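Biologist: Can you walk me through this structure? I'd like to go from the inside out.

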Amino acid sequence: MLTQAWDESYEMLAIDQQMFNEALRVLRESDDDHVDQDIRKLDGKVNKYERDVRRKVMTHCSVVGPSELPGGMVLVSIVIDIERIGDYCKNILDLASDHPHRLYVEAYEVDLAEIESHIKLCFTEAVRILREQDVEQARLVMQTYRESVSDTCDKIVQDVVRGTTDGLSPQDAAALVLYARFLKRISAHLKNVLSSVVNPFHRIGYKEKKKAE
């Protein structure tokens, strides 16, 4: 039953990835504001999986005993992050539906493209990292978030709010700030998921604790 629960968490990540790719297609790659509603509705499936994972973990640990509790607690923790990723992907889909045209801001295109590529790579690698407990790759993802994604997203928001970015329409300014925040949160939750490979349960979602600490 615990194996089934892990498989469902991987399916949740795959659904999140579908939603993210559709959001990017509409908001960043097309002037068409039509969102595939079947993909948008997948957020409800993610929520259902989260409840099912919790039920399976609780049942498994009740039957097998405390020896399985650590693994079960890890899984229950990370599916919360996976569900939140789905929420933010849905937020971007909503933003794409409301924004009148493709979001293109020349001053930040390089930064946005790098963040989007990072998130796509995280989605692609996440299941493999979790299955293989690839500590080194998990560390790399966590480090990339801290050194690049978080600071870049914060700078974009600060620039727009402070009025240091010229030539932005009100629509693009609002969309850019929201989009940067959504990207930051998606990346942060992916980082939290992969931190479970590096950290013990009580430090999931935090940076790796050095041995000297």
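What follows is a quick chat about the core, the aromatic pairs, the salt bridges and the surface.

Modeller: One note before we start: this is a predicted model.

Biologist: Fine. How many residues are in the largest nonpolar core?

Modeller: It has 69 residues. F20, L75, Y179 and I186 have the most contacts inside it.

Biologist: Which helices supply at least two residues each?

Modeller: α1, α3 (42-64), α4, α5 (109-132), α6 (135-162) and α7. Helix α7 gives the most to this core, with 15 residues.

Biologist: What does I186 touch, leaving out residues up to four places away in sequence?

Modeller: I186 touches F20, I85, Y88, C89, I92, I119 and F123. As background, nonpolar side chains in soluble globular proteins tend to be buried together.

Biologist: On to the rings. How many aromatic pairs does the structure hold?

Modeller: There are 3. One of them is W6 with Y10, a tilted pair at 6.1 Å centre to centre, with 40° between the planes.

Biologist: Where do W6 and Y10 lie?

Modeller: Both are in helix α1 (residues 2-28). They sit 4 residues apart, about one turn of the helix.

Biologist: Is W6 buried or exposed?

Modeller: W6 counts as buried because its relative accessibility is 18%, and the cut-off for buried is under 20%. Y10 counts as buried too, at 10%.

Biologist: What about Y88 and F182, how do those rings pair?

Modeller: Y88 and F182 form a tilted pair, 6.2 Å centre to centre and 45° between the planes. Y88 lies in helix α4 (residues 69-98) and F182 in helix α7 (residues 170-198), so the pair ties together parts that are 94 residues apart in sequence. Both Y88 and F182 are buried.

Biologist: Switching to charges. How many salt bridges are there?

Modeller: The count comes to 17. Among them is R131 with D7, at 3.8 Å, N to O. R131 is in helix α5 and D7 in helix α1, so this pair ties together parts 124 residues apart in sequence.

Biologist: Is R131 buried or exposed?

Modeller: R131 counts as exposed, at 54% relative accessibility. D7 counts as partly exposed, at 37%.

Biologist: And which side chain meets K56 in a salt bridge?

Modeller: D52, at 2.5 Å, N to O. K56 and D52 are 4 residues apart in helix α3, so about one helical turn separates them. K56 is buried, and D52 is buried as well.

Biologist: What about D154 and R181?

Modeller: Their side chains meet in a salt bridge at 3.0 Å, N to O. That pair links distant parts of the chain, with D154 in helix α6 and R181 in helix α7, 27 residues apart. R181 is partly exposed, with a relative accessible area of 38%.

Biologist: Now the outside. Which residues form a nonpolar patch on the surface?

Modeller: L69, M73 and F201 do, with about 240 Å² of accessible area together. M73 is in helix α4 and counts as partly exposed, at 32% relative accessibility.

Biologist: Last one. How far apart are the C-alpha atoms of Q4 and G205?

Modeller: They are separated by 24 Å, and the two residues are 201 residues apart along the chain. Q4 is in helix α1 and is partly exposed, with a relative accessible area of 45%.

Technical notes: Residues numbered from 1 in each chain as written. Predicted model: local features only at pLDDT ≥ 70, side-chain atom pairs only at ≥ 80, totals over all residues. Heavy atoms only, no water. Phe/Tyr/Trp six-rings, centres within 6.5 Å; stacked < 30°, edge-to-face > 60°. Buried < 20%, exposed > 50% of the residue type's maximum accessible area, 1.4 Å probe, protein only. Core = buried A, V, L, I, M, F, W, Y, C linked by side-chain atoms within 4.5 Å. Contact = heavy atoms within 4.5 Å. Patch = residues over 30% accessible without salt bridge, like charges linked within 9 Å, V, L, I, M, F, W, Y side chains within 5 Å. Areas by Shrake-Rupley, 256 points an atom, 1.4 Å probe, with all protein chains shown as cover. Salt bridge = Lys/Arg side-chain N within 4 Å of Asp/Glu carboxyl O.
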